[in-house]
Amino acid sequence: MSKEKRVVKILRYDPAKDKKPYWADFTGEFNSDSTILDVLNEIHWKSDGTLAYRRSCRSGICGSCAMNVNGQNILACETPIHRFKGRIKIKPLPGFSILKDLVVDMDLFFEKLKRVKPYMSIDKPLPDKEFSQSPDEFEYIRESVTCILCGACTSSCPSLWANKDYLGPAALLKAYRFIFDTRDDATNERLDLVNDKNGIWRCHTIFNCMEACPKNIKITEYLSRLKVKIVENSI
Ligand code: SF4
Ligand code: FES
C-alpha cells in the first residue's frame, strides 16, 4: 500500500482558552486508502491528544463523525483521503455552534427531532404477530429509514442558516418516514406538526440537503411529497 505526504489543516477552537477559531497545520504520511477518520486518529494518537472530534462505529452507521472537508459535508469514517487532492481542510459542520474543535452542539438538532415525535403511534388493536406491510408500501419509506441522523443535511440548509427555528431537513424527513408508514395512526397530528410557520414551508427546494447526505437519500423529493400530502389533506 502506498504512502502519501499530506498537509492537513484543522479548524481548532477551545472556548475555554481561545478567543476565536484558528487553523492548525499537521503534516504526515498516510496510507492512500486511509479515511479522514484514520487521519484524525493518527493526529490524535501521535501528535496532539487534545484534538476533539466525534466517532464511534467507524462503519457509517452511528452518524457521529459528520464534518466538513474541503467544503463538503462528509462522514469521516467513510471518506477516503484520495477523494481530495492537495491539502485537506477539515472543519466542524457549518451552521452548528462549536463545542470544541470538530465537535458541534447537536442539542437543538435532536430537540427538533423530538418535536416531530420520531416513534410509531398506534391506535388500532395490536395484531398477534407483527403489523404487515407490503413491499410496495415499504418502498415509500425505504430510503428514509436509512437516515443515520448525522446532521450533514441540516448543516447545509440555507433556510436553516436564515432561521434557526426551522425544523430542518433531518427532522422533516423523520416526519415523512412516519407519515408515509402505513402502520402509523397519527398522520393528521404529524401533518399539523410540520404544517407550521417553522415547518415544511420553509423548505425552498434548494437541494443542498440532498447533495450533502452521505446516505444519498432523496430528501428534497420526500419533503415535496410531504407538501403535496398536506395540500391534499386540506381539500
Ligand atoms: S438525511 Fe442524510 S444527511 Fe440528513 S441526517 Fe439523515 S443521513 Fe444525515
Ligand atoms: S463513526 Fe459512525 S458514522 Fe462515522
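Author: Two strands pair if DSSP finds at least two bridges between them. Helices (H or I, at least four residues) and strands (E, at least two) are DSSP runs, numbered from the N terminus. This is a predicted model, where local features need pLDDT of at least 70 and side-chain atom pairs pLDDT 80 or more, while totals for chains, interfaces and linings use all residues. Residues are numbered from 1 along each chain as written, chains are lettered from A and ligands numbered from 1 in written order, and side-chain values use heavy atoms, without hydrogens or water.

Reader: How many helices and strands does the protein have?

Author: The C-alpha trace spans about 60 × 40 × 30 Å along its principal axes. Within it the protein has nine helices and seven strands.

Reader: In what order do the five strands of the open sheet lie?

Author: The pairing is mixed. Strands E2 (22-31) and E4 (72-75) are the edges, each pairing on one side only. The twist averages 35° from one strand to the next. The order is E2-E1-E5-E3-E4.

Reader: What angle does H1 make with E2?

Author: H1 packs on the sheet and touches E1 (3-12), E2, E3, E4 and E5. Axes are lines fitted to C-alpha atoms, for helices over the stretch in contact, and angles run from 0 to 180 degrees between N-to-C directions. For H1 and E2 the angle is about 105°.

Reader: How many residues of H6 are buried?

Author: Buried means under 20% relative accessible area, exposed over 50%, partly exposed in between (1.4 Å probe, protein chains only). Cover for H6 includes H2 (107-115), H4, H7 (187-194), H8 (208-212) and H9 (219-234). Even Lys-174 and Arg-177 are among its buried residues. The count for H6 is eleven of eleven.

Reader: Which residues come nearest to ligand 1?

Author: A residue is near a molecule if one of its heavy atoms lies within 4 Å of it. H4 and H6 each supply at least two residues of the shell. By class the shell has eleven nonpolar, one polar and one charged residues (nonpolar: Ala, Val, Leu, Ile, Met, Phe, Trp, Tyr, Cys and Pro; charged: Asp, Glu, Lys and Arg; polar: the others, Gly among them). Of the 13 residues, the nearest are Cys-147, Cys-150, Gly-151, Cys-153 and Cys-213.

Reader: What is the phi of Arg-58?

Author: Most residues other than glycine have a negative phi. Arg-58 sits in the loop between H1 (36-47) and E3. Arg-58 is exposed, at 54% relative accessible area. Its phi is positive, about 60°.

Reader: Where does Leu-149 lie?

Author: Leu-149 also has a positive phi, near 55°. It lies in the loop between H3 (135-139) and H4 (152-155).

Key
Contact = heavy atoms within 4.5 Å.
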